[in-house]
Each structure stands twice: as structure tokens, then as C-alpha cells.
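Visitor: I have a model open and some questions about it. Can you take me through it?
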Amino acid sequence: MRGYPLHLLLSFGVLWALAVLAERLGFAPAFLVPLGALAYGGLALYGLRFGLRHALLLLGLLAPWFPWASVLVPLAFALLFGRRMGEKEQAAFYGWALVWPALALLLVWQVFPTFYAFYLSLFEKVNFLRPAAFAGLENYQILLRDPLFWRALGNTFWYVLFTVPTGLLLATAIAILLNTGVAFQGFYRTLYFLPYITALTAAAAVWRWIYHPEFGFLNWLLGTPGLDWLNTPTGVFALLLRPLGLEPQGFWAGPSLAFVAVMAMSVWHFLGYQVVILLAGLQAIPKEYYEAAALDGANFFQQHRLITWPLLSPTTFFLFTLGVIGAFQVFTQVYVLTPTGGVLQDTLTLAFYLYNKGFRDSDFSYASAIAMVTFLIILVLTLVQRRVLEQRVNYEV
Amino acid sequence: MAFPFYWMLATSLKSPQEALQAKPIWVPERMRPQNWVKAARLGDSPLWGGLGPGRSVELAFPGEEEKPPRAFVPRTPGAFFDPVADGTRVEVAYREGAWRIRLTNATEGAFRVLPLVVLWPKEVPLSPPLPPDALRSQGEAWRLEWVNAVPGALGYVFHNYLEAWRAAPWGRYFFNSFFTALTQVAVGLFLAALAAFALARVPFPGKEGVFVLILATMMVPGEVLLIPNYVLLARLGWLDTYYALIVPWLASVFGIFLLRQFYLSLPQDLFDAARIDGAGYLTQLFRIALPLSLPGLVSYGIFTFLGAYNALLWPLIVTQSPEMRTVQLGLQAFVSEAGSDYGALMAASTFVILPVILGYFVAQRQFIQGIARSGLK
């Protein structure tokens, strides 16, 4: 067995099987398959040089006709002769054998599609009368001049800008309050947590009912004599909304506020997740710090500013990064609350626009262009966050 | 936080006319026990199921002989589409100073809903008196919707739930959702455990490369994958099958990372000892690492299950036929089709979220810890 690269055989085998699959599905040129078979067969023969008693490996040469052989033969070989393998070789083979099933799936369903999306975005809209025409970056040029795209992008930015900080601030406040030893902590935690495990479809159905322009609870609440000061032309909402260029009349019924409704619902939905994670982070902070700070005369706010804030920063950073990425892909809430994209496409987001273009207008190439732009934005944002924010994150406890 | 849940439950118990009131009704009529008694008295069976074969119920409308109440059997899809109830016999007669309508179940099976609507003048009192939400004002005449009242107290209270359940093939939807989610959890867990163990504990050549590849995969948002994966599924001929719902999400980068963290945190001595005792990598994985990483497996399982059960976009894209739809899609279709029947809508929402909520209450500690663990790096 010395020097025999069994794991290489396995790896080439899996790659080669993937090449066969790709060719059969029309994703890869035909010459890839004999090339792979050649490489695989060469490897098998190379292996045989080290001992003809491993004739089982010859079966690997069946691979051009029976692709599974390229995976099954090395596996069978390892099962039969595994005990005689050297330590290093055993590690090499088992490492690859264990990692391959998941890795192959990742390659097929995540890595390849990423490139394929870019490839698709370079073509004109598929027309069944003629083959797809290569268009270069034309889709991206159209995208940059597309007012709906900019609208979707703007909406998504507003969504991120509103929901992520609001959610984090609220969650931090709630987590700190819960951590101070409120009675029925478990009950409150359940209360905050239930929305998170609730399906967004169901949650959106209720919120739609609460927001109903005629019979909704919220409109009744805002019209109640004790509370109507919120919603009158000189009320609180008017003060808040005027600077944003929104008119508060007909509170939830109006088109301009539909997106605010979506945002409020999202904050409600994700709050529990953030609370639970922040609570876990808070409970990891040793109590002695607070006791020491209290002895030194620090008040509640000083304690949290000087102890909680720096020590909780890894958790906050994690939630912030995840929140931004998640918020950029908001779809379900928007789709269920406003299936048509709202009045004048008021609630259009990037994911929703992508869905509309791809699966309602079946313009896959244009939708792929939208996806690639979203990818780019998220990538840049993540890298910027890592560069700028992570320096301020305190990882030592 | 809890208000939407309360409102969901409250609305799911309201009658249509209660639901469509601007002023909120905090406790629906159906929840008042005195009305249960009335509803139960009207039906033949006190608890469930309407009338058995050959049984009948009689309604009396006191009044003069010249003015008969108008009784009709509605054939609208919402009110009556149960084929076994087709044999309802309606007899109208005037006896002892009252118009009497007798409904007989003439079929083999019991009907659960009596498909009868009666119109009669408002000034004439009813005997027996009906719960208020079985009455709907219509011009000069009251309209009695018997559907609301007869199937016993339980059927009366949960009328919206019965309506919602009968409006769509929910059983199939639930099976699809659970089958998809549980398969994803089981197979995904297995694959992720294998890969994570290799990445954490097996020193194989190319490990760094694989790790970097997986790290890079993490950066790609799910949206990018929608269209290429759809195309791939279409070319495989897998659209509208369980493969489409399950296979693309089997390999989870999140799961690999989570379990890898777990395996890294286990002491190396454990594995060295096993190795000296002659255990290979597979034995080490299945006998030592897997049992010790149970909390990690649970968090992964919870996340995957929640993600699969609550997913809307992916099933929406890759399935077309009702047989392949999941619960969320059924609900989504219900939301847009049910129109103004908010009671049934809220009832459907309630039973869609019920399995997860029940699961949460059963396994509360694991749930909370599982979620909390995802934040600890």
C-alpha cells in the first residue's frame, strides 16, 4: 500500500462523476468527460504499479461506462484493505471520504450555481424561437438604468437601515432587563421567542389583519379617543413622518406606510432570536465584574457602558453581520403582506424584484444580474464590516 | 409581543360578522359557555358531528300560516360541499301555531354541517333562541345560518377550524412539510457530521483548501442560488418532486461549521486513547464524537427543521401541483384566496404554527440553548 494515493483516486473519481453529470445535463462541453476518464484511468493504472494484488482497482477503469465505480471502488478498497494502510494514508483517505459527500453537494448546489448565475446574467432573455444570445454586460447596463431596480435597492437599504439597529437596540435593552433578575424570566423569554419560531407566512397573515384599513385593530386603536393624538395632523406620527416626506393621513391604509408596516413586523419577528443570543452572551459575563464596579461606585448605566458594551461586542457584531445579510434578502414578509409589491411598487425589495423578474416574467438572465449585484453589495458590506467594525470588537473576556 | 398571537386566536373563533367589525371584540361569542349550551341543544349530538343517519332535527318558527319562512339549501362551495350530506331531506309543515322545518339525514354517513339557511321576519321570536352570531341581518328578514350552530358545542366553537381544514388538502401539505423537513434534518445531519469530523479531527492533505472553499461558500447569499438551482432542477427533471424540496439544502455550511466547533472543543486525549485501542476514524466518529456532540446536533436539527418548515420562497418556486405543496404555500394561497373570511384565515394560521409551538413547549430548554449556541463563536 505504500505510496498509493487512494484519496486522490477517490477525489478524481468524484470530480469525474460530477463532470459526467454536468455533461449529461448540458452544463459542460462533451470533451470534459473523456478527459476526466483519461485522468481517472491513468491514476488507477498508476496505482497498480505498486502491486498487482490490488486488482480490485482495475474495476475503477469501468468508470467510463459505470460512473459510480469511481466512488464505489475506492470505498470498497478502503473497507477491504483499510487496516493495512499506513497512518498518514489512512488519514488522507478517510479525510476525503468523509468530506466528499457534503463537499460534492456543496459543489453542485452552491459553488457551481454561483458561477452559473454570473454566466446566465451575460445572456439576453431566453426566447424559445432562437438560441440564447450572448449579451455581455448589457443586462447590468439595463439594470443601472432601471428605475424599479433603484426603487428596490432604495427600499432594501431603508429596510436594513431601520430594522437592524432598531432590533438590536430593543433586543439589548430587553436582554439587559431580563438579565437583572426579573421574576418569570422564562415566561418573558418565551414571549419574546415565540414570534421567531412562528412561520412568517402565518405571522404576516395576522399582521395583515391587524393593519386592515377598515377593520384592523391598529386603526381602531389610533382612532380611540384617548389615543388619537398620535395620529392627528399635529400628532406624534405626523411629527415623525413629515421630515421623511410621508403624509400620515389614513395611517396604515396609505401606500407610503405599507413598507413601514413590513419593517415593524420584521422587527417583531426577529426580536426573540436576538434577545436569546444576547441573553446567552450576557450570562457569559462574570458577575464579579459588576460587583466590583458597584463597589467602585458605578451606577447602572456606567456598569453597562463600561462592562456590558465591550464584553458583549462579539455577540452584537455577530448579530449585526447576520442581521444585515438577512435583511438584504427580505422576501417572505413583503410577499405575504403585499403580494403585488404594494401600491406603485412601494414595498419592492431586491429579493422580491428578483422573484418577479425571474419567476413571473421568466427573465432568468436579468434576474441573475439582480442576484449578482445583490451578492456584490452584500460582499462589500460584509468585508467593510469586518474591516471597520471588527477592530472595535473585544474578543477577550 | 404576544398580542398578534392573542389576536390570531381570538379572530379564529369569531364569526364572519364579528370579524368584520371595526370595534375589536375581545372575547368572541363562540367562546361564551352559555352559547355553547344553546348550540349543543340545537344539535342532536351534544359534542361533535351533527346528525347521524336517520336522525332529524326540527326547527319551530311561531307565526301565522299565511307567512311561511323561506328555507333553502345553499349549494355555495363554502357552505356545503360534503358529498355525504347530499341526502338532507327538508320537510316544511304548519302545526300547532308554528311553521316547523324538519331536517333529516337520509344518507348512510352522518353529515357534519346542516346545509340550511332560513329567512324569516325579524319581529317573530325564535324558538329555541339561537346564539347571536348565528343570525345575520338581511333587510327585513333575519337570516339563520344553521351551519354555525348544529354540529355540537365543539363543532360550534371550532367552526372556523373545520372550515379552514376542509378548504384545502392540509393533510397532504403537512405530510410534505414534515417529510421534507425531517429528511433534511436526518440526512443533512449525517453528512454535516461526517464532513465536520474530517475537518476537525482528520489531518488529510487539502484540508485547508476545502475549509477555505466552505468559508467562501458561506459568503454567497441564498438569492444568488435561486435561479441556477432552479435551472439545474429543471434539467434534472426534478421540478415538482420531493428531490427539489430536499436535495439542494442537504449540505449545510452552517451545520459543518457548528459541528466542527464542537469536535474541536473535545479533548484530543479522548481520540488518542481510542486510537491506541485500535479504533479507526469511523469508530472514533460514531462512538465518541457523535454522542458527545449531541447539543450541537440538536441545535443543527432545530435550525434546519425551522428553516425547512417555515420556508416559503423555495417551495413556491420548485413546486406546482397541490400534491407537492408545503404547509406554508397552502397558507399563502389561503391568505390570498380566503378574501374576507378572516376567521378561517386565522384558524389556518393557527394550526400551521401549532406543531412548531407545541414542539417548543415540549423541548423548551433544548430549543433555547440550541438557538443561543449559534451565537457563541
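Guide: First a term: contact means heavy atoms within 4.5 Å. This is a predicted model, where local features need pLDDT of at least 70 and side-chain atom pairs count only at pLDDT 80 or more, while totals for chains, interfaces and linings use all residues. Residues are numbered from 1 along each chain as its sequence is written, chains are lettered from A in the order in which they are written, and side-chain values use heavy atoms, with hydrogens and water left out.

Visitor: How many residues of chain A are in contact with chain B?
Guide: 84 residues of chain A, and they touch 86 of chain B.

Visitor: What area do the two chains bury between them?
Guide: About 8,000 Å², with 79% of it on carbon and sulfur atoms. Buried area is the accessible area (1.4 Å probe) lost on putting two parts together, summed over both. On the chain A side, A:L98, A:W109 and A:W209 lose the most to chain B, together 11% of what that side buries.

Visitor: How many salt bridges across the interface?
Guide: One, by the rule of a Lys or Arg side-chain nitrogen within 4 Å of an Asp or Glu carboxyl oxygen. A:E87 forms a salt bridge with B:R275, with the closest N and O atoms 3.8 Å apart.

Visitor: Which helix gives the largest share of chain A's side?
Guide: Helix α4 of chain A (residues 87-120), with 25 residues. Helices here are DSSP runs of H or I, at least four residues, numbered from the N terminus.

Terms used
Helix = DSSP H or I, 4+ residues; strand = E, 2+ residues; numbered from the N terminus.
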